[in-house]
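User: I am new to this structure and would like to get to know it. Could we take it one question at a time?

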Amino acid sequence: MRIGELAERAGTTTRALRYYESRGLLPGRRAANGHRVYDEADLRLLRQIRTLQDFGFDLEETRPFVECLRAGHPTGDACAGSLAVYRSKLAELDALIEQLGSVRTEVAAQLARAEGAHAVPRGDAPEPRCELTEALAHHPHPGRPVPDRPTHQEDTG
């Protein structure tokens, strides 16, 4: 199949496919006329990449899964490299969950303080301030770096 058909069947763009090819995740086979050609195995690779990315895996983290499929294994997670990526991702998620738990505790404490402050008569209330801003300054945003994949703008060409 040609690149446009693969992109359509996989729900992505030709630009994304070219990007994956440039990163060595999709093969760069060409027909005699110079057009890129793909087969069902390539569609399977692409679906594996996209599924992992949908779950938050960086593009480079998909490589062991792709290599596992290319080696002829029935699933992309049947190889040691894929299992190592799963373990690493679980550790990353556990750290994020712990960090989010700390942030949640701070927000709940701030809510309790704020609700208690509203119960104080107006004349006796302390000077207003945002304690949440100060508390969160000690807890970096629990997000993660932007995944190594085409952005929506890059992905629509």
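**A tour in questions**

User: Let's begin at the end of a helix: which residue takes a positive phi just after α1?
Analyst: Just after α1 there is a residue with a positive phi of about 75 degrees (helices are DSSP runs of H or I with at least four residues, strands are runs of E with at least two, and both are numbered from the N terminus). Please keep in mind that this is a predicted model, where local features need pLDDT of at least 70, side-chain atom pairs count only at pLDDT 80 or more, and totals for chains, interfaces and linings use all residues. Residues are numbered from 1 along each chain as its sequence is written, and side-chain values use heavy atoms, with hydrogens and water left out. The residue with that positive phi is G11.

User: How many helices does the protein have?
Analyst: From the N terminus on, its elements run α-α-α-α-α-α. There are zero strands, and the helix count is six.

User: What share of the residues counts as buried?
Analyst: Buried means under 20% relative accessible area, exposed means over 50%, and partly exposed lies in between (1.4 Å probe, protein chains only). The protein has 157 residues. Those that count as buried make up 30%.

User: Against which helices do the buried residues of α1 pack?
Analyst: In α1, the buried residues are I3, L6, A7 and A10. They sit on the same side of α1 because they cover an arc of only 100 degrees around the axis, the arc being that of the directions from the helix axis to the C-beta atoms. In general, an α-helix has 3.6 residues a turn, so residues three or four places apart point the same way. Counting heavy atoms within 4.5 Å as a contact, these buried residues pack against α2 and α3.

User: And within what arc do the buried residues of α2 fall?
Analyst: The buried residues of α2 are T14, A16, L17, Y20 and E21. Seen down the axis, they line one face of the helix, because they fall within an arc of 155 degrees.

User: Is R36 buried or exposed?
Analyst: R36 is found in the loop between α2 and α3. Leaving aside residues up to four places away in sequence, R36 touches M1, R2, I3, R18, E21, R29 and R30. With a relative accessible area of 18%, R36 is buried.

User: With which side chain does the side chain of R36 make a polar contact?
Analyst: A polar contact is a pair of N or O atoms within 3.5 Å; within protein, one must be able to donate a hydrogen and the other to accept it, and residues adjacent in sequence count only if both atoms are side-chain atoms. For R36 the distance of this contact is 2.7 Å. Its partner is the side chain of E21.

User: What does the side chain of E60 make a polar contact with?
Analyst: E60 has its place in the loop between α3 and α4. This residue is partly exposed, with a relative accessible area of 36%. At 2.5 Å, the contact of its side chain is with the side chain of R63.

User: Which residues does the disulfide join?
Analyst: The structure holds one disulfide, that is, a pair of cysteine sulfur atoms within 2.5 Å. Here the S to S distance is 2.1 Å, and the residues joined are C68 and C79.

User: How far apart in sequence are the parts that this pair ties together?
Analyst: C68 and C79 are both buried. Their link is right-handed, with 80 degrees about the S-S bond. C68 lies in helix α4 and C79 in the loop between α4 and α5 (80-119), so the pair ties together parts whose separation in sequence is 11 residues.
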